[in-house]
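Subject: Structure for you to look through

Hello,

Here is the structure we spoke about. Please open it first and keep it beside this message while you read.

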Amino acid sequence: MGIVAGLDSSSDSTRIVVRDSETGAVLRQGHAPHPLEPKAADVDPQAWLLSLGEAATGGLLEGVQAIGVSAQGHGLVPLDAQGGLVRPAMVGNDKRAQVAAADLVEGLGGRQAWADAVGTVPAAGLPVAKLRWLARAEPEHAQRVAAVLQPHDWLVWQLLGRPARRTTDRGAASGTGYWSARNGSYRPDLVELALGHQAALPEVLGPAEAAGTTPEGLLISAGTGETMAAALGLGLGVGDAVVSLGASGSVMAVHHEALADPHGMITSFADATGMHLPVVHTSNAVRALRGTAEMLGAESLDELSALALTSTPGASGLVLLPYLEGERTPHLPHTAGTLAGLRRESMKPEHLARASFEGMLCSLADAMDVLRGRGVEVRRVFLLGAAAGLPAVQALAPALFGAQVVVPQPADYAALGAARQAAWALGVSRGTLSPAAPPAWQGAAAQVFEAGEELAVGQAVRQQYTATREQIHPGAFSA
């Protein structure tokens, strides 16, 4: 029996999960917050190491033979020629590079050119946009940049003792804006377009490869980005999609090929197994529920959910287009939400509550249809986020998505996936596992919901929503 660990360095904390390498059973867990200012855009990476050390106290890693590292995606760690920090790391949700991203789109010749080059149209969060921002806003720093890493790359490099060789994996590389998931190669010319000169980029490892071994003999796997690690932890395969319910939303699915989208609705990531993870984002999800709860005086989303379930499918004709903060899918950045179908009989709190749930889920179903329209198979939908536990979400989602809905129990899936990758690399190094597939551990414990006889009702609600969307925003998805 072997023991492996997965650590996830998210935007605010480090979580470590220790697992049996053969069965996947969780043996121990640790957690520590990052010693950072809340919502800091510039971060000293040493804070990630301090948090890691605190999370691993008390002999947590005793007996561990391999470690996998997951970390927040899209961060930028700029290094000088000696491997020192040029400036603090820029985190993934940094919005300063919005103008820089637009400059890059124009500089390469438009959205189609970027979709063809790397499968992704630059947005503010991508490292390629951060490099352009750096070149424009801090040219003295930009000139000193000799190498570029992401947070997971940097942590792996530190754990290995800062060797001359620096590595990443295809999952993290696909989120840079200068690596093509379709071709499996870097576009150094895009780094130069952004930064003004070339910079060393980490070697991209295969899913089952090891980044190296520490002097103590601890194997470090390739590691990956947080999104890809969570997919590995959930045990996703072809036919599976993940709907994330945060203030904003996203739909991600496993697919056999990279998808280039000149409209920018699909972001084409690689996963941590050799497959691909096309993602479609929406600007509004749970924020629509919270707004409705405030309007109706509901004290919680649980109360709003209970109220919604006293209404009927279609909310007595009431339709909410939940574009409260503008919308990314469809591309309506300057629009507002719409409440349609108001009649005397529909002007009741329970109908508005129901319309908010139906509107949120129909908007995400629209995003899912973007993927389905490109040949992505969706048979099973995993719902993530606190709102996934709401009875109204669980009751409505299967029929509106037209698929089985799975609500996993809350867990540190990114850390669990990082541990699974570590077990894979360990098994391959020992000749006990094939590099073609990760260890077949039991999937996440979950509740499962079927559409059943409600499928036709769900299709009718979708039709009502689509008719309203087309009336208010004609051709929004065909533009």
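Contact here means heavy atoms within 4.5 Å of each other. Please also keep in mind that this is a predicted model.

Helix α3

The term is needed for helix α3, residues 111-118, where Trp-114, Ala-115, Ala-117 and Val-118 are buried. These four residues cover an arc of only 165 degrees around the axis, so they are on the same side of α3. An α-helix has 3.6 residues a turn, so residues three or four places apart point the same way. What do the buried residues of α3 pack against? Their partners are α2 (98-108), α4 (127-137), β10 (179-180) and α8 (188-195). Just after α3 comes Gly-119, with a positive phi of about 75 degrees.

Nonpolar cores

The largest nonpolar core has 51 residues. Val-243, Leu-245, Phe-357, Met-360, Leu-383 and Phe-401 touch the most other members of this core. Helix α12 gives the largest share of the core, 11 residues. A second, separate core has 32 residues, including Val-64, Val-77, Trp-154 and Leu-218.

Glu-358 is found in helix α12. Is Glu-358 buried or exposed? Glu-358 counts as buried, because its relative accessibility is 5% and the cut-off for buried is under 20%. Not counting residues up to four places away in sequence, Glu-358 touches Thr-312, Pro-313, Gly-314, Ala-315, Leu-396, Leu-400 and Val-461.

Backbone points to check

Ala-315, one of the residues that Glu-358 touches, has a positive phi of about 50 degrees although it is not a glycine. Ala-315 is in the loop between α11 (301-308) and β20, and it is buried, with a relative accessible area of 0%. His-74 also has a positive phi, near 70 degrees, and is a residue other than glycine. The place of His-74 is the loop between β5 (66-71) and β6 (77-79). With a relative accessible area of 22%, His-74 is partly exposed.

Which two residues does a cis peptide bond join? They are Thr-329 and Pro-330, and omega is about 0 degrees. Pro-330 is found in the loop between β20 (319-321) and β21. As background for these points, most residues other than glycine have a negative phi, and most peptide bonds are trans.

Salt bridges

How many salt bridges are there? The count comes to 18. Three of them are described here.

Asp-412 and Arg-15 meet through their side chains at 3.6 Å, N to O. Asp-412 lies in the loop between β23 (404-408) and α14 (413-430) and Arg-15 in strand β2 (residues 13-20), so the pair ties together parts that are 397 residues apart in sequence. Asp-412 is partly exposed at 23% relative accessible area, and Arg-15 is partly exposed at 31%.

The side chains of Arg-96 and Asp-42 form a salt bridge of 2.7 Å, N to O. Arg-96 is in the loop between β7 (89-90) and α2, while Asp-42 is in strand β4 (residues 42-43), so this pair ties together parts 54 residues apart in sequence. Arg-96 is partly exposed, with 32% relative accessibility, and Asp-42 is partly exposed, with a relative accessible area of 32%.

Asp-369 and Arg-462 also meet in a salt bridge, at 2.7 Å, N to O. The pair links distant parts of the chain, with Asp-369 in helix α12 and Arg-462 in helix α15 (residues 455-472), 93 residues apart. Asp-369 is partly exposed at 31% relative accessibility, whereas Arg-462 counts as buried at 13%. Both belong to a network of salt bridges that links Asp-366, Asp-369, Arg-372, Arg-462, Arg-469 and Glu-470.

Surface patch

Leu-339, Leu-342 and Met-347 make a nonpolar surface patch of about 290 Å². Met-347 is found in the loop between β21 (338-340) and α12 (349-372). Met-347 is exposed, because its relative accessible area is 52% and exposed means over 50%.

Regards

Methods. Residues are numbered from 1 along each chain as its sequence is written. This is a predicted model: local features need pLDDT of at least 70, side-chain atom pairs count only at pLDDT 80 or more; totals for chains, interfaces and linings use all residues. Side-chain values use heavy atoms; hydrogens and water are left out. Patches are made of residues with over 30% relative accessible area and no salt bridge: like charges are joined within 9 Å, nonpolar side chains (Val, Leu, Ile, Met, Phe, Trp, Tyr) within 5 Å. Accessible areas come from the Shrake-Rupley method with a 1.4 Å probe; for residues, only the protein chains shown count as cover. A salt bridge is a side-chain nitrogen of Lys or Arg within 4 Å of a carboxyl oxygen of Asp or Glu. Helices (H or I, at least four residues) and strands (E, at least two) are DSSP runs, numbered from the N terminus. Buried means under 20% relative accessible area, exposed over 50%, partly exposed in between (1.4 Å probe, protein chains only). A nonpolar core is a set of buried Ala, Val, Leu, Ile, Met, Phe, Trp, Tyr and Cys residues joined through side-chain atoms within 4.5 Å. The arc is that of the directions from the helix axis to the C-beta atoms.
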